[in-house]
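Look at the sequence and the structure first, then read the points below.

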Amino acid sequence: MSEFVHESVLAREVVEILRPGAGGLLVDCTLGGGGHALLLLERGARVIGLDKDPRALAAARARLARFGEAFRAVRADFRDAKETLAALGIGPVDGALADLGVSSPQLDEAERGFSFSRPGPLDMRMGGEGETLGDLLRRIDERELARVLKEYGEESFARPIARAVKRAVERGEVKDTAALAQVIAAAIPRRAWPRKIHPATRTFQALRIAVNDELGALAAWLDGLPALLAPGGRAAVISFHSLEDRMVKEKFRALTQVCTCPPDLPVCACGRKPAFAPVTRKAVVASEAEVSANPRARSAKLRAVEKLR
Ligand SMILES: C[S@@+](CC[C@H](N)C(=O)[O-])C[C@H]1O[C@@H](n2cnc3c(N)ncnc32)[C@H](O)[C@@H]1O
């Protein structure tokens, strides 16, 4: 296995928000290479790390072995975080982190099927289970594919790309990710090719989100937060995509909303006392220094809430 190198994003900010301390139990729901978990453990917290990627788990276990019983890595989908902890005999925790999306090694290893520049299998599964990219491309129709590309990839040429991809798949012309990238690039007029990124970037992002049901997993995780956290516990989410950030923002707004009365009511009649308080008023973004050292941090947005009771 090649070395697992992933630069953690907004690391200092995550530590400040989650306030790891002696005795506290935190769940890192997207363990990856264990970068964030390392910082939390170094400050004395106990950490349960979840990831559905066995390679990430192996890398994090090796890196964090010196923390002994303070660290545990478990293969799980974070949509089932609460059930996974319950099966280990663990109740509500003092903090939860979700650093969404893929890790650098997942993107860089061509054999995982995320690469448009090097040929790899039509896979894109982070956890190696469920429907592959190849299965998905055969199953969904052109209309649904165009919707996925438009919605998850914000791709302006979603329809011509969907048409070209479906045709090429049906003719058996898409043998690997590089061939797929060529079909996508050819479906976009040359003058409209983005200058800084590969023309297939947005489509590949959309397909990755669909293959891994990333938005479904996030929605389930957000819904489970009240049961996952102990009173005083905090949840922090780093998202890299506007759809994800919107979901987080809206859920956090609903959890922390004080009054649900109609705006034209002169005084509050609902008397609602929210169970959560905001920790971040606005999304926290990476500093210029971090972005220049790690360009992946450019689109990162960190939001957090605290459970009150
Ligand atoms: C951005 S990386 C995390 C990097 C990590 N915070 C670090 O500092 O090294 C995201 C990780 O989340 C995992 N992941 C994504 N969706 C998941 C899900 N629904 N359940 C479990 N793990 C997931 C991926 O396999 C990947 O390893």
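Which of the 25 residues around the ligand come nearest? They are S8, D51, F78, D99 and Q106. Keep in mind that this is a predicted model.

**Where the ligand sits**
- The shell around the ligand is made up of 9 nonpolar, 11 polar and 5 charged residues.

- In the side chain of D51, an N or O atom is 2.7 Å from an oxygen atom of the ligand.
- In the side chain of H36, an N or O atom is 2.8 Å from a nitrogen atom of the ligand.
- For D77, a polar side-chain atom lies 3.0 Å from a nitrogen atom of the ligand.
- On its own the ligand has 600 Å² of accessible area, and the protein covers 98% of that.

**Aromatic pairs**
- The whole structure contains 2 aromatic pairs.
- One of them joins F78 and W221 in an edge-to-face arrangement, with 6.3 Å from centre to centre and 70° between the planes.
- F78 is in the loop between strand 3 (71-75) and helix 4 (81-87), while W221 is in helix 11 (residues 214-228), so this pair ties together parts that are 143 residues apart in sequence.
- F78 is also among the residues that come nearest to the ligand.

Notes:
Residues numbered from 1 in each chain as written. Predicted model: local features only at pLDDT ≥ 70, side-chain atom pairs only at ≥ 80, totals over all residues. Heavy atoms only, no water. Near = heavy atom within 4 Å. Polar contact = N/O pair within 3.5 Å; in protein donor to acceptor, adjacent residues only side chain to side chain. Areas by Shrake-Rupley, 256 points an atom, 1.4 Å probe, with all protein chains shown as cover. Nonpolar A, V, L, I, M, F, W, Y, C, P; charged D, E, K, R; others polar. Phe/Tyr/Trp six-rings, centres within 6.5 Å; stacked < 30°, edge-to-face > 60°. Helix = DSSP H or I, 4+ residues; strand = E, 2+ residues; numbered from the N terminus.
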